[in-house]
Structures are given as structure tokens and as C-alpha cells.
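Dear colleague,

Please find below the structure that I am handing over to you, followed by an account of what was found in it.

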Amino acid sequence: TLTFGLTLGVTMIASPPVRAADPPGGSPPSLSFRVSTDGGFEFDTGPLRGRLRAAGKSLGLSAVTHVSTGASLERGHGLFSHYRVFANGRRFGGGAWDWPGSVAGLEQGAVRVTWAATGERPFTLEAVYRWADPLTLDLETRVTAQTNLAGFEVFLASYFNEGFTNAMAWTAPEPPATEPAFTRADRSAGD
């Protein structure tokens, strides 16, 4: 089981601050994904608002807005979007966002997306999206192999708005540090 997590901490300057329009139906903020009419889900955690699997497409979080400023956080193919998958020196299709999948709402407002194994894809890929707090989304990714998958890799894409210039990743400690920490993600650390 691979587990990924991202803290969306946003500091923006807006003069004056602008609050995005209230969500459809006027639902109060919560840590739950709610079923939307287009086959996807919507969320409003208070500070963040947006969609998951908008129109039933496997593009992770989309239309993500920082509520107090109205600023868009993502572009293109969204945030937390499963993308390229490799094993045995082979790429499986263009990306997981092109594969048909099923979706289910879970207890406490989480959502599970499942891409079942096929003749062309000898594994099941499963993702569970869950809000840990209003600014922290936990994503657990599970892979169940139907055959040997040597060198297995799954890419998780996050296409942030161009205004985000300080990307950081939670990393294992680098000596002399003894605790994990956020590390600036720049080319000097490699691709």
C-alpha cells in the first residue's frame, strides 16, 4: 500500500479579500465529499472548495478555490490525479485518468475510486480520498497485482496554478536532521 498526503497551505494577498459565492444548495463547510449531480463529488472544507471526479472523470481535485481570496489553486488535470503507470518496462495506456473506473462514497465523507484489472492492465488500482482537516487531504493508493509487476511505478500529478512558485514535499530526514520535514522541490534535487 502506498500512501500519499499533501497539505494545502495557502497565503494569498488580495485587496480587498474576496469570498467566492456560496456553494450550490448552501451546504455548510465540512470534511466530507458530497455527491454532485454530474456523477462526481464536491467539497467545501471552509478554506477550500472544489470538485472530485467532476463529470465522472478521473482527474482528481478540480476547480479548487481558496475561498477567502477566490484564487484558483489548480489548472489542467487537477490535483491528486493518478497519471502514468509503469511495470516490467512498459507503460499502461496514456494515464489512469483515461481508464474507466468506479466510484463509491465511504463513511465519514471519504471517496474510493477503483480501476479494475483488465487484460491490458494486470492490476487493480484503488484510491481513497479523505479530508484530514480543512487544509489537508489524505490520499491512499493501493495496488493489487494479478502478476509480477517488476519496477512498478504510479505517478500522482498535481497541476497547480502558475502563481504557485514554492512547491515543497514531505520527505524523509536528510542527515543531520532526524525528523521528516517539508523540503523545497526544485530541480537541484533531480526530476
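This is a predicted model: local features need pLDDT of at least 70, side-chain atom pairs count only at pLDDT 80 or more; totals for chains, interfaces and linings use all residues.

A hairpin joins β11 to β12 through two residues. Strand β11 covers residues 123-133 and strand β12 residues 136-145; the two run antiparallel and are joined by 10 bridges. Asp 133 has Thr 136 in β12 as its bridge partner. Strands here are DSSP runs (E, at least two residues) and helices are runs of H or I (at least four residues), numbered from the N terminus. Two strands count as paired if DSSP finds at least two bridges between them.

Residues are numbered from 1 along each chain as its sequence is written, and side-chain values use heavy atoms, with hydrogens and water left out.

Overall composition

The protein has 15 strands and zero helices. Of its 191 residues, 34% count as buried; buried means under 20% relative accessible area, exposed over 50%, and partly exposed in between (1.4 Å probe, protein chains only). The accessible surface comes to about 10,700 Å², and 53% of this belongs to carbon and sulfur atoms. Accessible areas were computed by the Shrake-Rupley method with a 1.4 Å probe, and for residues only the protein chains shown count as cover. Among contacts with a separation of 6 or more, 46% are between residues 24 or more positions apart, a contact being heavy atoms within 4.5 Å.

Sheets

Strands of a sheet pair through backbone hydrogen bonds, either parallel or antiparallel. Five strands form an open sheet in the order β2-β3-β4-β5-β6, with antiparallel pairing. Its edge strands are β2 (34-35) and β6 (71-72), each of which pairs on one side only. Strand β5 (residues 61-66) is joined to β6 by two bridges, and His 66 has Ala 71 in β6 as its bridge partner.

An open sheet of three strands has the order β8-β7-β13, again with antiparallel pairing. Here the edge strands are β8 and β13 (153-157), each pairing on one side only. Four bridges join β7 to β13, and Ser 81 stands opposite Ala 157 in β13.

Salt bridges

How many salt bridges does a search of the whole structure find? The search finds six, a salt bridge being a side-chain nitrogen of Lys or Arg within 4 Å of a carboxyl oxygen of Asp or Glu. Arg 51 is partly exposed at 22% relative accessibility, and Asp 38 is partly exposed at 33%.

Glu 162 and Arg 75 meet in a salt bridge at 3.6 Å, N to O. Because Glu 162 lies in the loop between β13 and β14 and Arg 75 in the loop between β6 and β7, the pair ties together parts that are 87 residues apart in sequence. Glu 162 is exposed, at 57%, whereas Arg 75 is partly exposed, at 37%.

Glu 120 and Arg 90 also form a salt bridge, at 3.3 Å, N to O. Glu 120 is in the loop between β10 (111-115) and β11, and Arg 90 in strand β8, 30 residues apart.

Backbone and surface details

Phe 80, although not a glycine, has a positive phi of about 60 degrees. Phe 80 is found in the loop between β6 and β7 (81-87) and is buried, with a relative accessible area of 2%. Asn 88 also has a positive phi, near 55 degrees, and lies in the loop between β7 and β8 (90-91); Asn 88 is partly exposed, at 45%.

A cis peptide bond joins Pro 175 and Pro 176, with omega about 15 degrees. Pro 176 lies in the loop between β14 and β15 (181-184).

Finally, Met 168, Trp 170 and Phe 182 form a nonpolar surface patch with about 340 Å² of accessible area together. Patches are made of residues with over 30% relative accessible area and no salt bridge, where like charges are joined within 9 Å and nonpolar side chains (Val, Leu, Ile, Met, Phe, Trp, Tyr) within 5 Å. Trp 170 is placed in strand β14 (residues 168-171) and is exposed, with a relative accessible area of 54%.

Yours sincerely
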